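Let's take a look at some charged side chains and who they pair up with.

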Amino acid sequence: MCCMTDSDMPVIDSKTLRQKIKENSIRLVDVRREQEYQQGHITNAINLPLAKLLADDSAEAIQKIAQDLGISDETSVVVYDDTFGALSSRVVWALQYIGHKDAKLLDVTFSQWKSLGYEISTEVPEIESAIHSININPDIMATAEYLEKAKENKNVVIIDNRERLNYLEQHIPGAINIPYRTLASDDKILRTKEGMKNLLKNRGISEDAEIITYCGSVGTLSGLAYYAMKSVGLPNVKLYVHSFKEWKNLEKPIDKQENANYWDLSAE
Amino acid sequence: MAQQLRPSKPADKKPKIDWSRRQEAEHFAETVKLFRQGKVDPDMFRRFRLQNGAYGTRMTDDYAMVRIKVPAGQVYPYQLEKIAQLSEMYSIGSAHFSTRENIQLHWVVLEDVSEIMQSLSDVGMTSREACGNTVRNVMCSPLSGVCKDEIFDATPYAMAIAKFMLRNPICQGLPRKFKFNFTCCEKHGMVRIVDVGLIPQIQEIDGEKRKGFKIFLGGGLGNRSFIGHQLEDFTPVEDLLYTSMAVIRIFDRLGDRKNLVRNRMRYLVNDMGWEKFQNLVLKERAIVKATQSVIVKLNVDETKNEIRRPISVSNDVASVPDGFARWQKTNVEKQSQDGFNSVFIGLESGDITANQLRSVAEIIRDYSAEGFARNGFSQNIVIRYVHDDDLKSMYSKLLESGLAKTGSLTMASAVGCSGTTSCNLALTNSHRLAKEVQRKFLELKLDEDDDLKDSTVKISGCPNSCGQHEIATIGFYGGGGRHEDNMFPNYTMSIGGRFDQGSMLGHHTARVPVKRVIPVILKIIELFKENKQSDDTLAKWIDRIVNGNESSKISSVEDIKKEISSLLIPPKVEDEPEFYMDYGSDTNYHTITGKGECAA
């Protein structure tokens, strides 16, 4: 934990990214919808709507997507979105899952980038496809089966990243709730390291705990949480990528906060 | 003509007082940790937690409610934006405006409370002494400073008292909570239902006009409620602090620290008798004055707030938006300042989403010439100093954010405490019931009915009066009823409560099953319409009935009871299963409560 270097950090700041864009030394991926991308994106970015990845997230499909985007095993990749970093987290995680070593999140959203006045373009860069291998990284993924066994272990912390009311209504037994909104700072997709460490310290989560994050259905919000944990150097974090939707479909046990009508406090 | 550039918005106004103390957050986090490790006695921890504004939550030790104190209800746009963010990060994505001008965040993980406290420091706010046996949020009428009937603006005095009492050693361990309410006039405040209530007065003494207050002591609502007594004809402002200190000292010394269910100051006043208590206060005040080695003064800041109308955005509105007249009639009050208005934003039971909070902040910046808002007494927000010419434009902005609910100044804006949505003591979902009542009133357009304008509906989820049911024209508190083998939520209805100069508690009238509450209210309105005099209002009619001054067909509480009795009979469970369920629940009702913390 003490020895994390910048290259281990899952995020890259705007200043460094601008330099890399100039050097043309990275592959920049925009995971917003195609229309949004067409209206303007960070210079040199290519578009990968998240839906395309979610349509089939087998290792082979991810490999094909990477190759089509010109991402080889050695390519430095940076991903951004306009959804507080949750969609880009899911993409970076998928790349790392098939063994890609150098993929990072931009530490701001597209809107924040724009409001900083940085380069935007409507030009679509020409891409040559590349060759990418598959080298599955099983340590960063949790299945329902794995989670069910692991949660009996005292050193495992399951974190539900959905909003509080959804969590109160139903959650995986033993899970704690850190809503995804808690992970950001005012102007970045993630808190400062100090802020994040403080949150975990208050919650009594030790640095050597095994963490499993999950959210509603496809591992986006929990993907962001995965990188929030990685950003402070937690060594053992897994994403339960198919999340609560699968858990329910499998008819696994569910806990709820009983005897209170908390939904009626919401003004939604 | 060259196009005129629109100047950018002026910077946010900043409050005069920073209520926060940053190191309290860290101390809180440390203490929570020790408590979880079993190193702090649970009772001690509870007192500490409450002192810091974190209240317990229904049926769980994992969560707390954080009550953010807003002295005099004065809140700034950037503070609302911070609260919006905190509600999304640590709470349920909505915040709650209380009847005592606090803003509450519910279902906060206890371990996250310190993070909220930390962030509140960033915007000069605190939750310190918002709960527990302390001087609670010092209230002031949301119309103080703009009310047509006020003699002078009490706000600087409310702020000064709040500042003096916060973290003051004399009020860290009172026998029980202690409440101050300042008002502008008789109509807009609730001075007779709190420990110390104050109405501004001016009296000519030796040819000199002197500011002062009418002070009321020993009122309060709860399991047993009392109306406050006026201390003396006139208390000059110079004596405000001494009088307050004298009262607190007496309460601290003589208040009941053993019997937790009847230890508010009103019980002391009642047990001792008013005259004796009154003498004691006057004597104590003389002692406080005489023995003060250093002259202690309230720091009253009466510099005028800058009133600067924001750049007009009004010419953007081409036509009168739909519903504007109804909204203006039921939500807007003319100010004593020519051309300006106070706009009431009604919320359902005080709830507001994070995005709506952000909209309110933006609307304050765009439309309020004083640059802040005031929380109201009825779970609402008041934006003041809105220019006549800007009302239409502001209305369309409120509409866009779902904040243009009509009827804020009418009977339609029912008050409901948090009930079973979060409170340990609650027996029923009073919070949701108040929302249902409001929705029905608006659906039937009863907010437009002038006969109902000065009436109120207030609902508590148990007998403890957080929903202030006893001062409502029609009030309810929750309990359980049984028919054959089944339980159902059953409310006790009282009528004729008032909180103005004729303050009185409502008369218990009947027990009303939850699913009959709305039909019973509508039936009472119908009876009123059949029997009213010209120029009558529902509140006046009920007032005559409960005081034996009504001579028409319905002349007593018993008569009303008779008329509604057919509505009160429980149906068979198979004929109407919903009768046996509370609002917001799809299972049969049963009572369940935890330990209350009001008396902690």
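Which residue forms a salt bridge with Asp112(B)? The partner is Arg203(A), with the closest N and O atoms 2.7 Å apart. A salt bridge here is a side-chain nitrogen of Lys or Arg within 4 Å of a carboxyl oxygen of Asp or Glu. This pair crosses between chains: Asp112(B) sits in the loop between strand 5 (103-109) and helix 4 (113-122) of chain B, while Arg203(A) sits in the loop between helix 9 (193-202) and strand 11 (210-214) of chain A. Helices (H or I, at least four residues) and strands (E, at least two) are DSSP runs, numbered from the N terminus. Both residues are buried (under 20% relative accessible area; exposed is over 50%, partly exposed in between, using a 1.4 Å probe and protein chains only).

A quick word on the source: this is a predicted model, where local features need pLDDT of at least 70 and side-chain atom pairs count only at pLDDT 80 or more, while totals for chains, interfaces and linings use all residues. Residues are numbered from 1 along each chain as its sequence is written, and side-chain values use heavy atoms, leaving out hydrogens and water.

| Salt bridge | Closest N and O atoms |
|---|---|
| Lys289(B) with Asp239(B) | 3.0 Å |
| Asp388(B) with Lys334(B) | 2.9 Å |

Asp388(B) is in the loop between strand 16 (381-387) and helix 11 (391-400) of chain B and Lys334(B) in strand 12 (residues 332-334), so the pair ties together parts 54 residues apart in sequence. Lys289(B) is partly exposed at 39% relative accessible area, whereas Asp239(B) is buried at 10%.

Technical notes
Chains lettered and ligands numbered in written order.
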